[in-house]
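Subject: Structure for your review

Dear colleague,

Please find below the sequence and the structure that I am handing over to you.

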Amino acid sequence: MLRTLFIYLSGAGWAQRLVRNWKFAQKMAARFVAGETLDEAVEVIRQLNDQGFNVTLDHLGENVTNREGALAAREEVLQIMERIDREKLRSGVSVKLSQIGLVLDEEFCLDNLHEILTNAQALGLYVRIDMEDSSLTEKTLRCYYRCLEAGFGETVGIVIQTYLYRSEEDIQRILSESGTVRLCKGAYKEPASVAFPRKKDVDDNFDQLARNLLDKAAETDREISRDGIHPPIPALATHDEERIRLASAYAERIHLPKHKMEFQMLFGIRFDLQKRLVAEGYPVRIYVPYGEEWYPYFTRRLAERPANLWFFISNYLKG
Ligand code: FDA
């Protein structure tokens, strides 16, 4: 119920206008967001790199509805990559296709994506395409496959959400085309016609699809690159200790070396677990968002965990 409300609020323009200028909300969002500027984000990446983490950097923004906005978002990604390269950071970038024009025109979006990938390829960087709500799943995958066909397989990866019924088939196809996958549960409100309504089914599907990815990793030579930028085939993105325990136990059972998989977590969530996995020798990548458009991202994080909401309210009441 609360989750549904917060996911609705994450897309509601009126709520965004109300909350974004609220100093208290800005302070709370800082727990999950690395700052509003690239300089602030770079500082956070440097600290994370020093602690043994790799990073994927996300310039916040989604559902851009005009061409100027999409081109500006593309330029920002190009600048981010130039900065990552110049400062020798162990970081890739994450991009939402609705940020660079997917809701406007698929071909226009693809042109923007090609430009980003051409640049990433030249710099030896890696781009992960985030997955958005199910109205964009098919289009996002279509763009991704066209990038694979265009020869960007080493440079680009995709995200698959285990709450969707279709995901097992999607993963089969992606693996048959030598793709790389970030597996997550899924952060949007989806109808029962496309997604498992019960958390247990989402978790079970996560376990099954993680095993499929780990099996594939065992068959191939691909591993995380030495500079930490290019990920292995399976990137398991969750803070759920049971999912992590089952996946690492399975990887051990099939004798998969640790550098052929990686765990991914969000900035500001379960730092204890992030550190523990690094200490155990797993590659761990932190998803670091930054920018002024923090509102939808922040409300999705509140939706995921009611305790965050109580933390938010109690801090507000304390003044
Ligand atoms: P679950 O929600 O079951 O939480 C397990 C435990 O993790 C909780 O008990 C709590 O301890 C901790 N936790 C989880 N969320 C928390 C929060 N917000 N605050 C505090 N603690 C929290 N989704 C998507 O649809 N498209 C995408 O492209 C991505 N990309 C992505 C990248 C990375 C690196 C991560 C880690 C996640 C995503 N996600 C995503 C989000 C993902 O789909 C999912 O919504 C969240 O990761 C929460 O689910 P968990 O797997 O952590 O499990």
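A pocket is an open set of grid points with protein on both sides within 12 Å along at least five of seven lines, and its lining residues have an atom within 4 Å of a point. Please keep in mind throughout that this is a predicted model.

With that definition, I begin with the second largest pocket. The second largest pocket is lined by 26 residues, and those nearest its centre are G61, E62, N63, V64 and E293. The volume of the second largest pocket is about 490 Å³. Four helices, α1 (2-11), α2 (13-20), α5 (67-86) and α12, each contribute at least two residues to this lining. Of these, α1 provides the largest share, with three residues. Sorted by class, the lining of the second largest pocket holds 12 polar, nine nonpolar and five charged residues.

The largest pocket comes next. Its space amounts to about 1,300 Å³, and 43 residues line it. K185, G186, A187, R301 and E304 are the lining residues nearest the centre of the largest pocket. Two or more lining residues come from each of β4 (156-161), β5 (181-184), α9 (199-219), β7 (262-266), α12 (295-304) and α13 (306-318). Which element gives the most to the lining of the largest pocket? The answer is α12, with five residues. By class, the largest pocket is lined by 19 nonpolar, 18 charged and six polar residues.

Rolling a probe the size of a water molecule over the atoms shows where empty space is left. How many cavities of 30 Å³ or more does a search of the whole structure find? The search finds two. The largest cavity contains about 50 Å³ of space. The lining of the largest cavity consists of V55, T56, G92, V93, Y126, R128, R182, I229, P231, Q264 and R285. Strands β1 (54-59) and β2 (91-95) are the elements that give two or more residues to this lining. In the lining of the largest cavity there are five nonpolar, three polar and three charged residues.

I turn now to the strands. Strands of a sheet pair through backbone hydrogen bonds, either parallel or antiparallel. In this model, eight strands close into a barrel, in the order β1-β2-β3-β4-β5-β6-β7-β8, and their pairing is parallel. From one strand to the next, the twist averages 30°. One of the pairs is that of β7 with β8 (residues 284-290), which run parallel and are joined by four bridges. Within β8, V284 stands opposite F263. On the sheet packs helix α8 (residues 167-176), which touches β4 and β5, and the direction of α8 makes about 160° with that of β4.

Helix α8 also packs with other helices. The axes of α7 (residues 137-149) and α8 come within 12 Å and cross at roughly 10°. Angles under 35 degrees count as roughly parallel, and α7 and α8 are therefore roughly parallel to each other.

With α9, helix α8 packs at an angle of about 10°, and the two axes lie 11 Å apart. Helices α8 and α9 are therefore roughly parallel to each other. Here S167, E168, I171 and L175 of α8 meet L209, N212, L213 and K216 of α9. Four nonpolar, two polar and two charged residues make up the contact of α8 with α9.

Yours sincerely,
A colleague

Conventions. Residues numbered from 1 in each chain as written. Predicted model: local features only at pLDDT ≥ 70, side-chain atom pairs only at ≥ 80, totals over all residues. Heavy atoms only, no water. 1 Å grid on protein atoms, 1.4 Å probe; cavity = no way out; pocket = protein on both sides within 12 Å on 5 of 7 lines; lining within 4 Å. Points joined across faces, edges and corners; volume = space filled by probe spheres on them. Nonpolar A, V, L, I, M, F, W, Y, C, P; charged D, E, K, R; others polar. Pairing = 2+ DSSP bridges. Axes fitted to C-alpha atoms, helices over the stretch in contact; angles between N-to-C directions. Contact = heavy atoms within 4.5 Å. Parallel < 35°, antiparallel > 145°, perpendicular 65-115°, else oblique.
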